[in-house]
Amino acid sequence: ITEGGRRRVNYYIKHLVLDAEGKFAPAIEWIMDYNDPKIVCHPVISMVTDMVWERVAFRTFLSGKLWFLFTLFVFVLSQSILNHLQPHGADGPPGERLAIFICRT
């Protein structure tokens, strides 16, 4: 029953990830709120948090950052680039003004 002086242990991680209703369990949040580095560094907790990050949270985080970069690009385009194509006080072609209007809204 022992191998190399160690006993085999099975961990059931389902209840760390899902609650009884099938929604995300608050167990990981409770562990983080407890502020005990010994518990947080446990291999099972580390595996569960890595699994949640890789399968669920990473895509949401990345899509949020990509959306931010896209909106930042549109803002810079409308405020700095399109706005300064013509000399100060001169009206540009209607297409340019329309592009500035679309980027600002």
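The count of aromatic pairs in this predicted model comes to 3. Rings of Phe, Tyr and Trp (its six-membered ring) pair if their centres lie within 6.5 Å; planes under 30 degrees apart count as stacked, over 60 as edge-to-face and the rest as tilted. Trp-67 and Phe-70 make a tilted one, at 5.6 Å and 40°.

How exposed are these rings? Trp-53 is partly exposed, at 38%. Phe-58 is partly exposed too, at 36%. Trp-67 counts as exposed, at 55%. Phe-70 is partly exposed, at 46%. Trp-67 and Phe-70 sit 3 residues apart in helix H4, so about one helical turn separates them. Ring pairs also join Trp-53, Phe-58 and Phe-61 into a cluster.

Now step back to the whole chain. Residues are numbered from 1 along each chain as its sequence is written. Local features need pLDDT of at least 70 and side-chain atom pairs count only at pLDDT 80 or more, while totals for chains, interfaces and linings use all residues; side-chain values use heavy atoms, with hydrogens and water left out. The protein chain has 5 helices and 2 strands. Helices (H or I, at least four residues) and strands (E, at least two) are DSSP runs, numbered from the N terminus. Along the sequence the pattern reads β-β-α-α-α-α-α.

What lies inside? Of the 105 residues, 17% count as buried. The largest nonpolar core has 10 residues: Ile-13, Leu-16, Val-17, Ala-27, Ile-28, Ile-31, Val-44, Ile-45, Val-48 and Val-52. Such a core is a set of buried Ala, Val, Leu, Ile, Met, Phe, Trp, Tyr and Cys residues joined through side-chain atoms within 4.5 Å. Helix H1 (14-17), helix H2 (27-34) and H4 each supply at least two of its residues. H4 gives the largest share, 4 residues. In soluble globular proteins, nonpolar side chains tend to be buried together.

Take Leu-16 as a member of this core. Contact means heavy atoms within 4.5 Å. Leaving aside neighbours within four places in sequence, Leu-16 is in contact with Ala-25, Ala-27, Ile-28, Ile-31, Val-44, Ile-45 and Val-48. Across the chain, 35% of the contacts with a separation of 6 or more are between residues 24 or more positions apart.

Next, the surface. The chain exposes about 9,200 Å², and carbon and sulfur atoms supply 63% of it. Accessible areas come from the Shrake-Rupley method with a 1.4 Å probe; for residues, only the protein chains shown count as cover. A nonpolar patch on the surface has about 1,100 Å² of accessible area together. Its members include Trp-53, Phe-58, Phe-61 and Phe-75. Phe-75 lies in H4, which spans residues 43-81. Like charges are joined within 9 Å, nonpolar side chains (Val, Leu, Ile, Met, Phe, Trp, Tyr) within 5 Å.

One last stop is Asn-35, in the loop between H2 and helix H3 (37-40). Asn-35 has a positive phi of about 60°, although it is not a glycine. At 63% relative accessibility, Asn-35 counts as exposed.

Methods
Patches are made of residues with over 30% relative accessible area and no salt bridge: like charges are joined within 9 Å, nonpolar side chains (Val, Leu, Ile, Met, Phe, Trp, Tyr) within 5 Å. A salt bridge is a side-chain nitrogen of Lys or Arg within 4 Å of a carboxyl oxygen of Asp or Glu. Buried means under 20% relative accessible area, exposed over 50%, partly exposed in between (1.4 Å probe, protein chains only).
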